[in-house]
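Have a go at each task before reading its solution.

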Amino acid sequence: MENTLSLNAIFSQANCEFLAFDLSRRVTEISNKDFTAIEENRVAYPFPAQQHAHMGIAFWQPNQTPWIWFLKMPLDERGLLQQAALGNFIQYVAQAMGASFDKTLTEEEQEKLAANPYTFKPQDDKKAMFHAFLTDKLQQPASQYYDHAQHYMSGELGWDKWQGVGLQGLADLSVRMERHNNATHIRKAMRNMPDTPKYALLGCLEHCDIPDALAQQIEACIDTMLANDDVDLFLLAAHVRALAGAPPKTLTSLIDRLLTIPALRHREMLIAIAGRCWQSLSNDALLDAFLIAVAEQSDQAFFQQMVADLVMIPSLRPQVLALLHGSASTELMNAVQHLQEHVKASS
């Protein structure tokens, strides 16, 4: 194993199958073909966050329970995996596990494997969604929390009886949306459930493909909130993130509408758009409007951070660079100039 240069090669050598998911932004499966291309630096990492690739990898030998690694790997300025970091992690694996994955690790070996700078602990919602996608992909039963979540989401327990509903159950239900009447139950629950469980549900939905009927229901909730004078920006942003997997036309139209409302050009909303709904920014006019809103926050560090994050996304990189190097609207150039003047005046 010491001479193996990639995780894909390690899994092949150990007779393991594997599944990889991106956990950087949305929880999204990475095909084995794409994972190999990423490891070999033939393509940039597709959905990085903060110049890192966050991955959940499950691998298993025949008839064995999967092992799971959550890895956080640094990327270079082109968005490619830093090969030195990957090589270092593989050395940790080799030292801890030797030449096979079929032995039981001692406590010391487990500590040795865990004590490396390339593993991380995902946020609870992403971890729950990873496990929900994994069990569904492997055609395994959902968690023990699934049944209770179904009963609650159907309304039969009473909407105020949410305390016993597990996040993993909501994740399992969201991933299995097209089965067991779950999509209908979700739409019904969206109209009735209190904010606390609704936040948890929305946090799961942001990683799923959203069918038209549910997208319309979420949009209706957004319209209701916008009709109030006192909008809860955090709850509104959670609804926007939940539409990340909605049909592109729906998402683009919504983001366009939100960016035209001055009160909503708020840092929380901008982070939601960049973090989950970045696909909509492939529209040049929307990207321009978005960067204007970011510049209007009068925070140069925030502007630079958002630009640095977006430019690392391969699908957006050419557009962001083009805007910053000449094709920006007059309004965006003015907004950036005002930002720079504000920084000078404050220093």
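## Exercise 1: the nonpolar core

In this predicted model, the largest nonpolar core has 117 residues, and Leu7, Trp69, Phe290 and Leu310 are those with the most contacts inside it.

**Task.** Find which helix gives the most to this core, and list what Phe290 is in contact with beyond its neighbours within four places in sequence.

**Solution.** 
- Step 1. Helix H14, residues 284-295, gives the most, with eight residues.
- Step 2. With neighbours within four places in sequence left aside, Phe290 is in contact with Leu259, Leu270, Ile273, Ala274, Leu281, Met306 and Leu310.

## Exercise 2: the sheet

**Task.** Work out the strand order of the open four-stranded sheet, then say which strands stand at its edges.

**Solution.** 
- Step 1. The order is E2-E1-E3-E4, and the pairing is antiparallel.
- Step 2. Strands E2 (28-30) and E4 (67-74) each have a single partner strand, so they stand at the edges and one side of each lacks a neighbour in the sheet.
- Step 3. On average, neighbouring strands of this sheet are turned by 30° against each other, direction ignored.

## Exercise 3: strand E1 and its partners

**Task.** Describe how E1 is joined to E3 and to E2, and decide whether E1 is largely enclosed or left open.

**Solution.** 
- Step 1. Strands E1 (residues 17-22) and E3 (residues 52-60) run antiparallel and are joined by six bridges. Among the bridge partners in E3, Trp60 pairs with Glu17 and Gly56 with Phe21.
- Step 2. E1 and E2 also run antiparallel, with three bridges between them. Here Asp22 has Thr28 of E2 as its bridge partner, and the two strands form a hairpin with five residues between them.
- Step 3. E1 is largely enclosed by the rest of the structure, because five of its six residues are buried.

## Exercise 4: two packed helices

**Task.** Classify the packing of H13 and H15 from their axes, and name the residues that make the contact.

**Solution.** 
- Step 1. The axes of H13 (residues 267-276) and H15 come within 11 Å and cross at roughly 15°.
- Step 2. Angles under 35 degrees count as roughly parallel, so H13 is roughly parallel to H15.
- Step 3. The crossing in which H13 passes H15 is left-handed.
- Step 4. H13 contributes Arg267, Leu270, Ile271 and Ala274 to the contact, while H15 contributes Phe302, Met306 and Leu310.

## Exercise 5: two single residues

**Task.** Then look at where each sits and what it touches.

**Solution.** 
- Step 1. Met225 lies in helix H10, residues 212-226.
- Step 2. Not counting residues up to four places away in sequence, Met225 touches Val231, Leu235, Leu236 and His239. Leu19 is 206 residues from Met225 in sequence and 39 Å from it in space, C-alpha to C-alpha.
- Step 3. Ile313 is in the loop between helices H15 (300-311) and H16 (317-327).
- Step 4. Beyond neighbours within four places in sequence, Ile313 is in contact with Arg25, Pro46, Pro48 and Trp278. The C-alpha atoms of Ile313 and Tyr45 are separated by 7.8 Å, although these residues are 268 apart along the chain.

Conventions: Residues numbered from 1 in each chain as written. Predicted model: local features only at pLDDT ≥ 70, side-chain atom pairs only at ≥ 80, totals over all residues. Heavy atoms only, no water. Core = buried A, V, L, I, M, F, W, Y, C linked by side-chain atoms within 4.5 Å. Buried < 20%, exposed > 50% of the residue type's maximum accessible area, 1.4 Å probe, protein only. Contact = heavy atoms within 4.5 Å. Pairing = 2+ DSSP bridges. Axes fitted to C-alpha atoms, helices over the stretch in contact; angles between N-to-C directions. Parallel < 35°, antiparallel > 145°, perpendicular 65-115°, else oblique. Left-handed = near helix turned anticlockwise from the far one by under 90°.
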